[in-house]
Amino acid sequence: MDTAVVTDASWPRGDSRVWRVRTDHGEAFVKAYPSTEKYEREVKGCEHAARALVGTEAPHLPASDPQRPAVVLSALPGRVVRGLPLDQAEEQRVHRLAGDLLRRWHDADGPISDREHQRITESVTAQADDVAMILEHLGDQLAPAEPDLVREVAHDLPDLARALPPAYRHGDYSPRNRLWDDASEHHGLIDFEESAPGLPVKDLVWLCGAAWPTRPDLRDAFLTGYGRLLSSTEQRALVLLTARLGSPTSAPA
């Protein structure tokens, strides 16, 4: 460590604390957390990734310290997908691989307890209640077509949550947490501090809201990698969850 080169690799937000450490023996990342909950989620996410993924698709966890709380994570090949200058064919390739990886992540789970399933349903119900408040407090600020959609979110989400089987979610499946190495066509996944049991379709909300509306080819590529189309119940839940995330009073959940 006397010859280690340490650089700040944090995201530009207040609670992100990540350092890249390069030594003669290799490269790793040190990550510190603003809460014990996020630390525990990262550790459990690494354990889940070890079951679900292979090789360098996800970082290994050489060391962790719950007292700090902080971890040491192995480095992966590639660069963060967000902002990469990819042509259309390469974008489609990355989305197919992202779909395949996420399907394996979701399928690797053991059974979710009834108690955990109940917690998930209660959480979604609380989110639907938050959406219902929009009509009460901000209804006059909504566009003409939006009130009906808000009502649908508030009314339908709890029943959809009860109908969908839970799984272990990544929690932030966006391009900033996926890596791509064009030379080897290697795709990887990082950042598990939001991972937890939940509705697997919530891992698609960012894609549904930000990528797919103008790029149906990327949606098709992703679902090809995922190995199946979404059921009508999943599709309905995805649209409503995406609408909820874009509501004026919403925060990511």
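Asp 156 lies in helix α4, where helices (H or I, at least four residues) and strands (E, at least two) are DSSP runs numbered from the N terminus. The model is predicted, so local features need pLDDT of at least 70 and side-chain atom pairs count only at pLDDT 80 or more, while totals for chains, interfaces and linings use all residues. Residues are numbered from 1 along each chain as its sequence is written, and side-chain values use heavy atoms, with hydrogens and water left out.

Leaving aside residues up to four places away in sequence, Asp 156 touches Arg 236 and Leu 240, a contact being heavy atoms within 4.5 Å. Asp 156 and Arg 236 are 80 residues apart along the chain, and their C-alpha atoms are separated by 9.0 Å.

The protein chain as a whole has 7 helices and 10 strands. Of its 253 residues, 42% count as buried, that is, under 20% relative accessible area with a 1.4 Å probe, protein chains only. Among contacts between residues at least 6 apart in sequence, 68% join residues at least 24 apart.

The largest nonpolar core has 43 residues; such a core is a set of buried Ala, Val, Leu, Ile, Met, Phe, Trp, Tyr and Cys residues joined through side-chain atoms within 4.5 Å. Leu 53, Trp 105, Val 201, Leu 204, Trp 212, Phe 222 and Leu 238 touch the most other members. Elements giving two or more residues to this core include β5 (70-74) and α4 (146-163), and α1 gives the most, with 5 residues. Apart from this core lies another of 6 residues, among them Leu 84 and Trp 180.

Notes: Buried means under 20% relative accessible area, exposed over 50%, partly exposed in between (1.4 Å probe, protein chains only).
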